[in-house]
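Here are my notes on the model, as promised. Have a look at the structure first, then go through the points in order.

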Amino acid sequence: MALRLTTAGESHGPGLTCILEGLPAGLRLEQDQVNRDLARRQLGHGRGGRMKIERDQVEVMGGIRHGRTLGGPIALQVTNRDYANWEERMNPWPVETAVAEVHLPRPGHADLVGTQKYGLTDVRDILERASARETAARVAGGAVAKAFLRELGVRIFSHVIQITSVRAPRQDDLTPEDFAAVDDSPVRCLDPEATIAMVAEIDRLRKANESLGGVFEVRAFGVVPGLGSHISWEERLDGRLGQAVLSIQAIKAVSIGDGIEVAGLPGSQAHDEIFYDDDRGYYRQTNRAGGLEGGMTTGDPLVVRASMKPLPTLTKPLRSVDIATHEPAEALRERTDSCTVPAAGVVGEAMVAFVLADAYRRKFGGDHIDDVRAALNAYEERIEWRRP
Ligand code: EPS
């Protein structure tokens, strides 16, 4: 049994939908778990005016009864409050008024190639779906995947480690407890000094009409060894994680553990030596591999880092071309965020949660959550895994 996550919806349309299919029955859920993640995704210094309009809340349209999953597809809905201001421009049905087309594609956005590919003349027909507003639906589904994983002893966190050139000091031995107050930092960074520097950097560049990118890291604790497989490229979990995290809007690179750094090291410094202790079983003293070897989880924390490019909507627009006249023109200028790396970290948690939940579903099956737990326990006993 695999897990599927599908989203529908446009940024300024009536709302967003997420359908999550393939979870077992009997999984306990709380509305607050989903709403908390939706609110966390709205956070972060550098957000624009839109976040003052939206108050993302989930509405369940199917798959859950009295706080428990029924085993069928789960349908989640998040309303776009801003639709009230866009009812004519974004109405699903024809309107009386003439709505002006957008003809000024932004470099770095889906705008130009999207209109070419889909044979459309209005850039809005592309940008509305390409918008990262869609990630609200992913986060709603990811929160449900997280609830499933929590039942299996897995917890997932994220933090920002870089905004443009400002980097937080490296922290290797993080525990779940270290993330308790991460959302109190306006940039969701664990280091107080780096937080101050990142906020100042966002303010400085925002005043200069710039947007900012950066790097976030997702960590998953308590993941059982052996999810994914070395046997085929499609089964390798690093590949599945890469695809899922790279699919987040504006993410241009993903690394697993020290995936970037080890390329510059000799082999003797690049790997995690293996030890054995009667109490701990097999263990490693380092985690350069980021919890994955041979496309399989090792039981060490999973570490996924993602680089986000600066957002392509700029308040001082770049050069572009009017697609109706082919004349040089400035790119579309719209209300925008200047930095969304802190929010992207929450989306990263959702995508990692989805991939891990899918891997647990594939490996352990089960129609009821108790079946999943029983299969997981039997496997943990067979491999004599001592949960760290
Ligand atoms: C986005 C542009 C902005 C962002 C939006 C993504 O929206 P607007 O055009 O309404 O100002 O705020 O992100 C969200 C609405 C969100 O919920 O994350 C874009 O063009 O990608």
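1. Helix α5 is followed by G153, whose phi is positive, near 85°. The helix itself covers residues 135–151, and its 17 residues reach 24 Å from first C-alpha to last, close to the 24 Å expected at 1.5 Å a residue. That expected span is 1.5 Å times one less than the number of residues. Helices here are DSSP runs (H or I, at least four residues) and strands are too (E, at least two), numbered from the N terminus. Of the 17 residues of α5, 15 are buried, so the rest of the structure largely encloses this helix. Buried means under 20% relative accessible area, exposed over 50%, and partly exposed in between (1.4 Å probe, protein chains only).

2. Before going further, a word on the ground rules: this is a predicted model, local features need pLDDT of at least 70, side-chain atom pairs count only at pLDDT 80 or more, and totals for chains, interfaces and linings use all residues. Numbering runs from 1 along each chain as its sequence is written, and side-chain values use heavy atoms, with hydrogens and water left out.

3. Just after α8 comes G365, with a positive phi of about 50°.

4. Now for α1 (residues 31–41), where Q33, V34, N35, D37, L38, R40 and R41 are buried. They pack against β3 (58–62), β6 (74–79), α5 and α8 (341–364), contact meaning heavy atoms within 4.5 Å. Take R40: this α1 residue counts as buried at 12% relative accessibility. Leaving aside residues up to four places away in sequence, R40 touches K146, D183, R188, V346 and E349.

5. What surrounds the ligand? The shell is H12, R41, R47, R50, M51, H109, S131, A132, R133, E334, R335 and D337, where near means a heavy atom within 4 Å. By class that gives two nonpolar, three polar and seven charged residues. For polar contacts (N or O pairs within 3.5 Å), a ligand oxygen sits 2.6 Å from a side-chain N or O atom of R41. On its own the ligand has 470 Å² of accessible area, and the protein covers 91% of that.

6. M198, in α6 (residues 192–207), is buried, with a relative accessible area of 0%. Its contacts include V160, I161, V166 and C189, not counting residues up to four places away in sequence. I163 is another contact, and the C-alpha atoms of M198 and I163 are 6.1 Å apart, although 35 residues separate the two in sequence.

7. Two backbone angles to look at. Most residues other than glycine have a negative phi. H326 is not a glycine, yet has a positive phi of about 65°; this residue is in the loop between β16 (319–321) and β17 (328–330) and is exposed, at 63% relative accessible area. E384, in the segment after α9 (369–382), has a positive phi near 50° and counts as exposed at 52%.

How values were computed
Polar contact = N/O pair within 3.5 Å; in protein donor to acceptor, adjacent residues only side chain to side chain. Areas by Shrake-Rupley, 256 points an atom, 1.4 Å probe, with all protein chains shown as cover. Nonpolar A, V, L, I, M, F, W, Y, C, P; charged D, E, K, R; others polar.
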